[in-house]
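Thanks for making time. I have one structure to walk you through today. Let me put it on the screen.

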Amino acid sequence: MIRIVLVRPGSTDYDDQGRIQGSLSIPLNSGGVDEVQRMVPQLKNLGTEAVYCPDCDPALQTATMLAAALDVKLKKLEGMCNLNHGLWQGKLIDEVKRQQPKVYRQWSEQPDSVCPPEGETVGDVRERAGAAVAKLMRKHKQGTIALVLPEPVASIVRSILGHGELGDLWHACEEHGRSEVIELDAAAADHSGVWRGVVVEAHAHPADGKA
């Protein structure tokens with residue numbers, strides 16, 4: 001049995017402003033740094049053995065801080081970079097909702113059917129992230145590892161690990177500084193490459209003064 005601590009990076013200025021980050025490399029703000037620091041005791045108590053992340057901020061900055069605090073190795077994962085939102089990147093979520101209400105609603109209800117302008121689809125991300133998860137599962141058969149991923153790639157990986165539908169990815173993009181523990185059998189993938197993981201713990205690590 002392996003435990004994966006799926007960590008959403010700490011917040012950035014784009015998060016606070018309600019902007020779409022996508023694959024842009026945006027550093028943590030002071031609130032985000034505080035959120036990451038609040039994650040350390042939980043990951044330490046779980047006996048986290050390694051921290052994985054894609055090679056881009058804010059995930060890389062979050063993972064670097066966690067690995068240093070836990071005194072474990074930081075390892076970069078290919079194929080786990082966030083979904084490229086194309087021309088949406090940098091825009092306010094409310095701006096897309098106002099200018100493209102039909103597409104906004106479709107992304108909420110059926111994200112697999114939408115491709116952001118000049119971006120990539122959920123299916124594209126699912127394919128590359130699925131390959132990265134399979135590689136990770138071959139390497140780790142037991143123990144606890146942390147996987148630091150921004151939204152919406154975190155939700156896509158969560159679904160690959162066998163826990164439910166994608167849900168509203170607009171709402172997911174507002175998630176940061178949170179973690180959840182997923183337990184699964186590293187050898188128990190079905191024919192479609194989905195594992196049968198179970199979320200056993202979920203935690204919010206808000207910055208001071210935030211709910």
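First, the ground rules. This is a predicted model, where local features need pLDDT of at least 70, side-chain atom pairs count only at pLDDT 80 or more, and totals for chains, interfaces and linings use all residues. Residues are numbered from 1 along each chain as its sequence is written, and side-chain values use heavy atoms, with hydrogens and water left out.

Now the fold. The chain has eight helices and six strands. Those are DSSP runs, numbered from the N terminus: H or I over at least four residues for helices, E over at least two for strands. Starting at the N terminus, the order is β-α-α-β-α-β-α-α-α-β-α-α-β-β. Contact here means heavy atoms within 4.5 Å. Of the contacts with a separation of 6 or more, 74% join residues 24 or more positions apart.

Next, burial. Buried means under 20% relative accessible area, exposed means over 50%, and partly exposed is in between, with a 1.4 Å probe and protein chains only. The chain has 211 residues, and 49% of them count as buried. The accessible surface is about 9700 Å², with 48% of that on carbon and sulfur atoms. Those areas come from the Shrake-Rupley method with a 1.4 Å probe; for residues, only the protein chains shown count as cover.

Take Ile145, in strand β4, residues 143-148. Its relative accessible area is 1%, so Ile145 is buried. What does Ile145 touch, leaving out residues up to four places away in sequence? The list is Ile2, Arg3, Ile4, Val5, Thr48, Ala50, Tyr52, Leu136 and His140. Gly47 is 98 residues away from Ile145 along the chain, yet their C-alpha atoms are separated by 8.5 Å.

The other is Met39, in helix α2, residues 30-45. Met39 is buried because its relative accessible area is 0%. Its C-alpha atom is 9.7 Å from that of Gly10, 29 residues apart along the chain.

On to salt bridges. I count one when a side-chain nitrogen of Lys or Arg is within 4 Å of a carboxyl oxygen of Asp or Glu. There are eight in the structure. Asp34 pairs with Arg38, closest N and O atoms 2.8 Å apart. Both sit in helix α2, four residues apart, about one turn of the helix. Asp34 is buried at 17%, while Arg38 is partly exposed at 36%.

Glu180 bridges to Arg158, also with closest N and O atoms 2.8 Å apart. This pair links distant parts of the chain: Glu180 is in strand β5, Arg158 is in helix α7, residues 153-160, and they are 22 residues apart. Glu180 is at 6% relative accessible area, so it counts as buried. Arg8, Glu151, Arg158 and Glu180 are linked in a network of salt bridges.

Last, surface charge. Patch residues have over 30% relative accessible area and no salt bridge, with like charges joined within 9 Å. Lys and Arg count as positive, Asp and Glu as negative; His and the chain ends are not counted. Each charge is placed at NZ of Lys, CZ of Arg, CG of Asp or CD of Glu.

The positive patch is Lys73, Lys135, Arg138, Lys139 and Lys141. Helix α6, residues 122-139, gives the largest share, three residues. Arg138 is in that helix, and it is exposed at 57%.

The negative patch is Asp94, Glu109, Asp168 and Glu174. Glu174 lies in the loop between α8 and β5. At 48%, Glu174 is partly exposed.

Terms used
Patch = residues over 30% accessible without salt bridge, like charges linked within 9 Å, V, L, I, M, F, W, Y side chains within 5 Å.
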